[in-house]
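These are my notebook entries on a structure that I looked up piece by piece. The model itself comes first, and the entries follow.

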Amino acid sequence: MSLLTVRDLTVEFTGPKGTARAVDGLSFTVDEGRTLGIVGESGSGKSVTSLAIMGLHDRARVTGSIDVAGTEVVGAGREEIRALRGRRVAMIFQDPLSSLHPHYRVGEQIAEARRLHFGASRRAAHKHAVQLLADVGIPDPGERAGDYPHQFSGGMRQRVMIAMALACEPDLLIADEPTTALDVTVQAQILELIATIQRERGLAVLMITHDLGVVARVADDVLVMYAGRAVERADVDALFAEPRHPYTRGLLGSLPRLTGPAGELTPIAGTPPSPLTPAAGCPFHPRCPDRIATCETVRPDLEGTSHQAACHLTATKKVTP
Amino acid sequence: MTPLLKLDGLTKTFHTRRGAVRAVDGLDLEVRAGETLGLVGESGCGKSTTGRMLVRLLDPTAGRITFDGQDITGLSQRRMRSLRHDLQIIFQDPFSSLNPRHTVGSIVAAPLRAQGEEAPRHLVQEMLELVGLGAEHIDRYPHEFSGGQAQRIGIARALVSRPRLVVADEPVSALDVSIQAQIANLLARLQRQLDLAYVFIAHDLAVVRHVCARVAVMYLGRIVEIGARDVIYGSPAHPYTRALLSAIPLPDPAAERARERIVLRGDPPSPADPPAGCAFHPRCFKAAARCRTERPRLTEVNGRRVACHFPELSPFELAPPA
């Protein structure tokens, strides 16, 4: 059953230089107990999407529909969104310090949500917080609950944030580049922790990342974004085994690797587009090695059933994927 | 042949409110002319501090830096100036290292002007073309460029004086994947074309593999393993090198499911409070009593040098073959 259904989501920001469409007609679903990886480069709209799901866009124009476990987020009132945010959806960010209050003990911060949303007593909420700290692998959780965020290392802080995210037993966990700021040996620990939590609690996870390696490790399904649009969607094996969109193929080709030939990489030509000056037709056509005339004028939509790509060439089978 | 660059017991101690922090701890290293050496490790391992000492942006606390046979450790900034010709650095963040009020032409010519030399316009334009920009970009300002293009400007500036050694400090890690590949290829091409030597500092071992012929792995201010690329990636002997390689997610779901990972416990230790004996022992899966008391020295083992009492000699596979 799908826990999150996003339909035709568009997010626009208006500034002095004009209106930028950061997300443009995005649709996808995440099922219970599954992990969807959203992958894209900077400016692809992946983080804007996650903030929209959390109802965190104050100044943007958000249209379309975001259904979280039966509740519509787009157009919802403050109270509704607060209830949803605490209870059904939780989010962890790249920088845990941005979501932890520097002046409160971490135990109190974790307990607060529990008291707020569950009406738990101070004592029960504290006990629960200590249990959560133990669950996420913090040594001496009883003692560490009394420490302040700055007393934790980067990896431990990310664990604290995960504990806080779990405090209200959410159904959906949004992880926005949760390991990007961490060293690779610590990243491995946190990815393992997220996978364990998901298995044990049956969470749906939305993993937002620029790292195709992280996607390959944790995701069941993958959505590739480019210039605010979904350009490919498939289960993780199909995406890596037979990428259908030229952008996905380009990304995989430009990745430095630990195995295989160690010579030159195959970069994607050109630079990522600006949302202020979107290309006509397919947003990727200015950088696409396979473009045809249609690509310059007609915007392709996702086509296909289980493995979808938004590409005129794939659709017309002019390129064998 | 004398090495182009030689480090002997290079050490840097920072004095902080919480006491002395030894960021680099007695580093010995050689770089030959035209060679690419990767310096890899996690945050706090001392790789960037080392890079900054090499180009004398930081003064070492102890040890010696020899460049082309000349001891440059105690050289005054004045005397260093003539060496800047030969010794340049590329930084991670292209924008913060480019003066926003200067034109591209003025930025690229700066290393020559600093030495009172002329930087004719056509030479600067040639440099821009060499790094894949256009001659017409010479009168523009940094903000008019994308991150990848800005890094190209930084590279042009580093190369305008035709240096023999370039320290590249995380030159591609702030860039998107599709752009990162462009810059990595550019650096590799320039190395061949101009016969440069690189000290390529990076936390990303995959990028280093595509650019460097030799690799040194650092942990807490020291080199724990150093050798030819294929040796380090194909049969790493230090448990830390193995753990590091095994922690990196591979862009291959089948391999990810099948592989056995070495997941290290805990965080990298703080250089302010280094463990006794082998600095890696608290996180090491092979640690024995000896490791807690006796610091291992870099020793030749099967074609590379490794600082470990119990180097791994068993075969190493990143992922089982499909």
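**Entry 1: a helix in chain A.** I began with helix α3 of chain A, residues 106-118, in a model that is predicted. I take helices (H or I, at least four residues) and strands (E, at least two) as DSSP runs, numbered from the N terminus. The 13 residues of α3(A) reach 19 Å from first C-alpha to last, close to the 18 Å expected at 1.5 Å a residue; the expected span is 1.5 Å times one less than the number of residues.

I then asked which residues of α3(A) are buried. They are V106(A), G107(A), Q109(A), I110(A), A111(A), A113(A) and R114(A). A residue counts as buried if 20 or more other C-beta atoms lie within 10 Å of its own, as exposed if 12 or fewer do, and as partly exposed in between, with C-beta atoms placed from the backbone. The buried residues of α3(A) pack against α2 (78-87), α4 (122-135) and α6 (154-166) of chain A. After α3(A) comes G119(A), with a positive phi near 65°.

**Entry 2: conventions.** I note that residues are numbered from 1 along each chain as its sequence is written, and that chains are lettered from A and ligands numbered from 1 in the order in which they are written. As the model is predicted, local features need pLDDT of at least 70 and side-chain atom pairs count only at pLDDT 80 or more, while totals for chains, interfaces and linings use all residues.

Entry 3: In chain A I found an open sheet of 4 strands, in the order β2-β1-β4-β5 with antiparallel pairing. Two strands pair if DSSP finds at least two bridges between them. The edge strands β2 (18-31) and β5 (71-72) of chain A each pair on one side only. Strand β4 of chain A (residues 61-68) runs antiparallel to β5(A), with 2 bridges between them; D67(A) has E72(A) in β5(A) as its bridge partner.

The hairpin between β1(B) and β2(B) passes through 2 residues. K6(B) stands opposite E30(B) in β2(B).

**Entry 4: each chain as a whole.** I counted 11 helices and 11 strands in chain A. Its radius of gyration is 21 Å, close to the 20 Å that the globule rule gives for 321 residues, so chain A is as compact as a globular protein of that length. The radius is taken over C-alpha atoms, and the rule is 2.2 Å times the number of residues to the power 0.38. The C-alpha trace of chain A spans about 65 × 50 × 40 Å along its principal axes, and buried residues make up 48% of the chain.

Chain B has 11 helices and 12 strands. Its C-alpha trace spans about 65 × 50 × 45 Å along the principal axes, and 47% of its 322 residues are buried.

**Entry 5: the interface.** How many residues of chain A touch chain B? I find 39, in contact with 38 residues of chain B; contact requires C-beta atoms, placed from the backbone, within 7 Å. On the side of chain A, α7 (184-201), α8 (212-218), α9 (236-241) and α10 (246-254) each supply at least two residues. The largest share, 7 residues, comes from α7(A).

Technical notes
Two residues are in contact if their C-beta atoms, placed from the backbone, lie within 7 Å.
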